[in-house]
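Here is a short briefing to read alongside the structure.

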Number of protein chains: 2
Amino acid sequence: MRETPPDLMTGTAAQLEAGDGDRPSDSNLLLEGMACRYKITHDGTRQIFSFQLPGDIFDAQSFILETMDHSVATLTPCKVAVIPHKTMEEITEAYPRIARAIWKNTLVDAAVFREWMLSIGRRSAYQRIAHLMCEVYTRLDVVGLAEDNSVHWPITQAELGDALGLSEVHVNRTLMELRAAKLITLNNSRLTVEDCDGLKEAGQFDPDYLHLKRPASAHTECAAAIRESL
Amino acid sequence: MRETPPDLMTGTAAQLEAGDGDRPSDSNLLLEGMACRYKITHDGTRQIFSFQLPGDIFDAQSFILETMDHSVATLTPCKVAVIPHKTMEEITEAYPRIARAIWKNTLVDAAVFREWMLSIGRRSAYQRIAHLMCEVYTRLDVVGLAEDNSVHWPITQAELGDALGLSEVHVNRTLMELRAAKLITLNNSRLTVEDCDGLKEAGQFDPDYLHLKRPASAHTECAAAIRESL
DNA sequence: CGGTTCGTTGATCTATCTCAATTAATGTGG
DNA sequence: CCACATTAATTGAGATAGATCAACGAACCG
């Protein structure tokens, strides 16, 4: 971003708290931090649908669909670029390539949802956690946030459970199995992948569904396209 | 469709068998029948991601993402409108309103994925089945395929299990509970909702995530927009 | 330094799975 | 239109992955 136009503001956690049923007037590009999308059931349990990493636009659908059907919460303090729908409108009309990039972004989103469905529906707790770790690690790596097989991991065990359809207690026990198998180290909010191939195999991880193709992902393409245009 | 242009052909089940990893050159609009999208795990179990009903474009993402990350199968004989990507390209460029409608379609798709994730991750077998029945009934109703609280239901118990992350046996037992609770009748490939409110409550069903809003859904809007343009 | 969140552990319980048959539909060729 | 083959639904018995409940220790935070 060379210059910040008046209607593109950066905000912090506060603005990020979009809620189910809301009619937001902006979309958001996450610049720093980690967030998640989720929904609460009638009985009060929570399902997390995705973790949002720097470079993600996680609100694009609010631009087209108008009402939110889920909520967003931060896992850490976040910095976001707030993009008013009016601006989205203008950008996508003036720059079809960007519109295409944002569309692609939302489609990769959907592909990730499908993969999570597969995990939750058909994989064991051990496989699920391994798979998720591969995914988050890979996506962080793409945006340059991995170093020495290690990434910042602010996701609590309770949040992991809510993402994977597991109880906190079972997550805890399964994490210990992954540690015992020498696949990972996890402490102080830092995840280190000790045995990359082992972890991939444990999680049946195949990154095709992320549609990374070239080094640049849909997400970074999208963010890059927006930056260029500013 | 007033006239069928040369590059818009209707096809049957055969053409529909798109496979994981393929690079399709067409997208498909389902005209008649029921299909599903799915993926097979390494251990050979299957997860169904969605059921596709008449009016659905279920391949839009292949237009943008190029490679398929899942497969499509028919549940019944189907009739589809095959739309070459070249045509998609032309249509979306010439008619931004249609591009927008198709985009919206893919976003509703994603919303449905999220809801399924919630079901699989956090709802009981009983709730899951009730919820799915509400969804499919509602969507069929929107396209005029429901009559007297009753719809054609070609989904086998094994397929239900694959969609909901349950075993066939458990699906069978849970269906009998739903029958015993007088919520539904299900036989001869026909589902009758005997107690609509009861079923909705059992499944915690709230149709907001389908983004139907007005009588016309994103799906029908989309199909209608395409038909108009032909 | 006291309160809150997060991680860990033990004991018990249960929803759902697996395996294995059996019955009921559905379809097909002769 | 019947005999056989195949697919779909049903039932029983036993096994288990993961849930729940209840503590407790550790880390973090103002």
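Let's begin with one pair of residues: A:Ser150 has A:Thr192, in strand 9 of chain A, as its bridge partner. Please keep in mind that this is a predicted model.

- Strand 7 and strand 9 (residues 190–193) of chain A run antiparallel to each other and are joined over 3 bridges.
- These two belong to an open sheet of 3 strands in chain A, with the order 7-9-8 and antiparallel pairing.
- Strand 7 (150–152) and strand 8 (184–187) of chain A are the edge strands, each pairing on one side only.
- On average, neighbouring strands of this sheet are turned by 15 degrees against each other, direction ignored.

**Around DNA strand C**
- Helix 7 of chain A gives the largest share of the surface near DNA strand C, with 6 residues.
- Sorted by class, the surface near DNA strand C holds 7 nonpolar, 7 polar and 2 charged residues.

**Around DNA strand D**
- Helix 7 of chain A, along with helix 6 (157–164) and helix 7 of chain B, are the elements giving two or more residues to the surface near DNA strand D.
- The largest share of that surface, 5 residues, is the contribution of helix 7 of chain B.
- In terms of class, the surface near DNA strand D has 7 nonpolar, 7 polar and 1 charged residues.

**Where chain A meets chain B**
- In the contact between the two chains, 33 residues of chain A face 33 residues of chain B.
- On the chain A side, strand 4 (46–52), helix 2 (60–65) and helix 4 (96–122) each supply at least two of the residues that touch chain B.
- Helix 4 of chain A provides the largest share of that side, 16 residues.
- The side of chain A that touches chain B is made up of 13 nonpolar, 11 polar and 9 charged residues.

Key: Residues numbered from 1 in each chain as written. Chains lettered and ligands numbered in written order. Predicted model: local features only at pLDDT ≥ 70, side-chain atom pairs only at ≥ 80, totals over all residues. Helix = DSSP H or I, 4+ residues; strand = E, 2+ residues; numbered from the N terminus. Nonpolar A, V, L, I, M, F, W, Y, C, P; charged D, E, K, R; others polar. Pairing = 2+ DSSP bridges. Axes fitted to C-alpha atoms, helices over the stretch in contact; angles between N-to-C directions. Contact = placed C-beta atoms within 7 Å.
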